[in-house]
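Thanks for coming. Please have a look at the model on the screen, and then I will go through how its parts meet.

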Amino acid sequence: MITVALIGNPNVGKTELFNRLTGLKQHVGNWPGVTVEKKVGKCQYKGEELEIVDLPGTYSLTARAMDELIARNYIVEDKPDVVVDIVDGTNLERNLYLTLLLLELEANVVVALNQWDMVNERGIEIDVDKLSSLLGVPVVPTVATTGEGLEALKEAILTAARNKDRRRKIVIGYGDDLEALIKRVRDVIAKDTGLARKYPPRWLAIKALEHDEEVLKRLQDSPYWDEIRGVIPNK
Ligand SMILES: Nc1nc2c(ncn2[C@@H]2O[C@H](COP(=O)(O)OP(=O)(O)OP(=O)(O)O)[C@@H](O)[C@H]2O)c(=O)[nH]1
Ligand SMILES: [Mg+2]
């Protein structure tokens, strides 16, 4: 079975896409401990079963909002095989912020470039191949309301799942000064091999430098906490 998480900004077409992919094979529950709806569905493609989890709509992935934390924790803790990032093609700039956060999390991302009909209708020009090569992930134009592009999306999901361990990981750079600091923190965190196996050390380092409470809580349990704390500047 291939586990697939759907994520995207609010109102981009997540529900339409989820329903199209899963048909009636879905059930609705809650995320553990909170009353945020959790929808899980299944679909078959080329003899593989895809289990599809609909994550809450979100612009960002901070520890400050429950929806964002649910989405982020699911991706870092449960490690779905593929994360489908549904992007509103008519609002590319705003939507790609979440895409970059997902890449920083080292998720196995496939971008569904949705509302493709509106993109064409409004005469917006998007170089899909260029976007895909800049992001280092597949980008598939879709129209969730008609189902256009869904076969290609499933194919991209299957291929991404199969190539999970061989994928290219792009690094979003923060400039020389910050990069030196990120590297210092990253190297100390990476000494804790258990932690580094579980979470991307560079991501932990960036979050620690942002004083992200959830990440700091995890780092505090590390035998290297004193050393880690020593390289994180105060707020
Ligand atoms: N033209 C067009 N409309 C779409 C497309 N996908 C979704 N929509 C419409 O966009 C609106 C939002 O779609 P939803 O599926 O509810 O979006 P969502 O991401 O689940 O929204 P929230 O759950 O509120 O965050 C609906 O009116 C859909 O019919 C698309 O590809 N093209
Ligand atoms: Mg929805």
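The protein is divided into domain 1, residues 2-166, and domain 2, residues 176-231; these bounds come from an automatic or database domain assignment. This is a predicted model, where local features need pLDDT of at least 70, side-chain atom pairs count only at pLDDT 80 or more, and totals for chains, interfaces and linings use all residues. Residues are numbered from 1 along each chain as its sequence is written, and side-chain values use heavy atoms, with hydrogens and water left out.

The centres of domain 1 and domain 2, taken over C-alpha atoms, are 28 Å apart. In contact, meaning heavy atoms within 4.5 Å, are 10 residues of domain 1 and 10 residues of domain 2.

How much area do domain 1 and domain 2 bury between them? About 960 Å², with 50% of it on carbon and sulfur atoms. That is the accessible area, with a 1.4 Å probe, that two parts lose on being put together, summed over both. In domain 1, R72, E77 and E104 lose the most area to domain 2, together 46% of what that side buries.

Three salt bridges are found across this interface, a salt bridge being a side-chain nitrogen of Lys or Arg within 4 Å of a carboxyl oxygen of Asp or Glu. R72 also forms a salt bridge with D212, side chain to side chain, at 2.8 Å from N to O. On the side of domain 1 that touches domain 2, helix α2, residues 66-78, gives the most, with five residues. Helices here are DSSP runs of H or I, at least four residues, numbered from the N terminus.

Key:
Chains lettered and ligands numbered in written order. Helix = DSSP H or I, 4+ residues; strand = E, 2+ residues; numbered from the N terminus.
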